[in-house]
Structures are given as C-alpha cells and as structure tokens.
Amino acid sequence: MNAAEALRALRLRPKAELHLHLEGSVRPATLVRLARAAGSPLFPDLAAVRARRRFDGLPGFLSLYRDVCRLLRSPADFALLARDLTARLRRERITYAEVYVSPAIVDRLGLDWLAVRDAVEAVFAGHERRGHGRIRVLLDAVRHFGPDAAHRVLDLHARHPWPRAVGFGLGGDELALPARDFASVYRRLDRLGLAPVVHAGEVGGPDSVADALRWLKPRRIAHGVGAAGDPALVRRLARSDVALDVCLTSNDATGAFPLPRSPVLALLRAGVTVTLATDDPGLFGTTLLGEYRCLARLGATPLELAAVARSGFRAAFAPPGRHQPPRPATGSARTRS
Ligand code: ADE
Ligand code: ZN
C-alpha cells in the first residue's frame, strides 16, 4: 500500500480527534451570519473569512480568535458552533472527539455558563443519540487570563459537574505566563476526575515543554512540537505515556512551524506518541484528513499514518467504546502499548 492508498483508506475508517476548539470549529458561513447578526463589519463575506487564515505569529491568530469570540452573544450562538462541529465530525467519519470548551471565554463574554453548557450539551447528546460517535469535553482555561480565571473554571465544574467533561486544558498565549503559575490549578484535577492536558511547545521551545511536564504533569500535550529541539527531552517523552496532539496546518498558518520544518516525523520516529488534529478547523480551513495528508507529504509511511490514527484512540481519556476500531493483530510501527 502506498501513501495515497493509505489516505484513501483513512478517509473511510473511523477516526479519533483529540485537539479541537469549539469556537475554532465555526464554519466560515456561520461566521458571516454571526457577524451580520452582531452588526459587525469584521466578516462581511466568505472571502473576508478566508483572507484571515495566515498569521505572522500566534498573537495574530489569538487576536482573530478574540474577534470571533466577541461575535458570540447567546447560548444559541454556541449551539450553532456545536452544530458546525458535529456536522464536520460526521462528514469526516470522526467517531471519537475530545473538544475544548472554554468556560473562561464564556465568562469573559458575560454569558451564563450553565445556559451555554446546556445548549452545547444538547447538540453533543443528539449527535451521540443518533449513533454518529462519542464526544468528550476538555474544559479549557486561557493561559493569558491567569491562574485565578483557571481556578474559576474548576470552581464552576466543582459546583456544577458536567459529566461529559473528562479533562482540563490550558490554551492561549503559551509565552504569557509560566506553567508553574498554574501548578495549584492542576493539583485540583485529580479530585475533580479531570485528566490534565496543556498547550505547550506550540511557540515555546523545549524549556516550555519541560516546565509543563514538571509543574502540570499532563497526560497529553497540545502541540508539543517545540520539544524537538532537545534530544534528552524527546527521549523522555518517548519513554513516557505522554502523547502530543499535533496540528500541522495550525502550526503552518500561525508561523510557529512552517510545514516543511515541522519536526513531527522526527518525534514519531524517536518513539514519541503523536496524534493528529485540526485545532481550529473552521479558522484554518483544514480537515483531519488534510492533516494526515500533510504528514504524508513530510514522508510518513502508510504504517506510520496508521500508527498515528491508532494513537488517536489509544491516547483518548474516555474508556474505549463501541466506536473504537478493533486492535490490529500485528503492526510494526510503534505506538503506546
Ligand atoms: N485556542 C485555540 N487555538 C489555539 C492555539 N492554536 N493555541 C493556543 N490557544 C488556542
Ligand atoms: Zn489548540
């Protein structure tokens, strides 16, 4: 089987995606509709949305993200995002997804978290009820909002647990505050039954990833490619159970790692567990299959593509369900065992 055949097979096969943000899943047409409804001149048409898909750094992207979030004015708007997201999961045969949903952003927008949560929950529950696959939530805080805002996310969850939430993550500007500032936040996760994840090694280098490992003890790292600059750290990751949820188009679009310079294949071949994801498919204009296509373009073999696809299920926080494909009897590419 060659890479093109492996990609064709992947298109049909059930897939898992562990790193995508609810707000970043907005379809361009929805963005235009939201902007019109809000009386905003920001996204008058699809061309205007597509014109904002390249950035001169993560801050530029986060500024777009802020613009998008400011258009969200009601729980119904969040339900629209959730519908865009589930429609894509169905279209792409993604039967298991872990989605970052951010009470910190809802709080900033002055909206009622429980009303937003219920609106999103109804869409996710409907998707599952119709047999399209499972969705789990990673409650998200924003690094540059600071540790107090992150604690508030956990306070909300402690008061009103969301059974769909299986983890807690920290997105936003990785360089704004050190991981150490959030150690007390992450210490609360175990008791709340939330698995730890963190965005690190997106624009930060090995020190940022090492700090995240030391202070936050994540089970997975969103991006993590910045670890590649330190061979000892790469060996440590390879020995560990920590998976990297890598987003190649996102890294290329933000300029964090232009695709030809992405170290993802080196990490994979060093034995690090890698999953592929879209991050913000609506804003970057990508698909999960598109991410696998990028990996193939970097030189991944069919076996490596299949190993990454399997890691998507194996690194998931929710227990295996009926949508998980059976384990292959053999397979020489390395994955977590
Ligand atoms: N939130 C949404 N996408 C993000 C990214 N790529 N990095 C940090 N925070 C984000
Ligand atoms: Zn992300």
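Modeller: The expected span of a helix is 1.5 Å times one less than its number of residues; helices (H or I, at least four residues) and strands (E, at least two) are DSSP runs, numbered from the N terminus. This is a predicted model, in which local features need pLDDT of at least 70 and side-chain atom pairs count only at pLDDT 80 or more, while totals for chains, interfaces and linings use all residues. Residues are numbered from 1 along each chain, chains are lettered from A and ligands numbered from 1 in the order written, and side-chain values use heavy atoms, without hydrogens or water.

Helix 7 covers residues 113-129; its 17 residues should span 24 Å at 1.5 Å a residue, and because its end C-alpha atoms are 24 Å apart, the two values agree. Buried (under 20% relative accessible area, 1.4 Å probe, protein chains only) in helix 7 are W113, V116, R117, A119, V120, V123, F124, G126 and H127. These buried residues pack against helix 5 (75-91), helix 6 (103-108), helix 8 (147-159), strand 2 (94-101) and strand 3 (134-142). After helix 7 comes G131, with a positive phi near 80°.

As for the nonpolar residues, a core is a set of buried Ala, Val, Leu, Ile, Met, Phe, Trp, Tyr and Cys residues joined through side-chain atoms within 4.5 Å. The largest such core has 101 residues, and L22 and F168 have the most contacts inside it. A second, separate core of 8 residues includes A16, A243, A315 and A316.

How values were computed:
Buried means under 20% relative accessible area, exposed over 50%, partly exposed in between (1.4 Å probe, protein chains only). Contact means heavy atoms within 4.5 Å.
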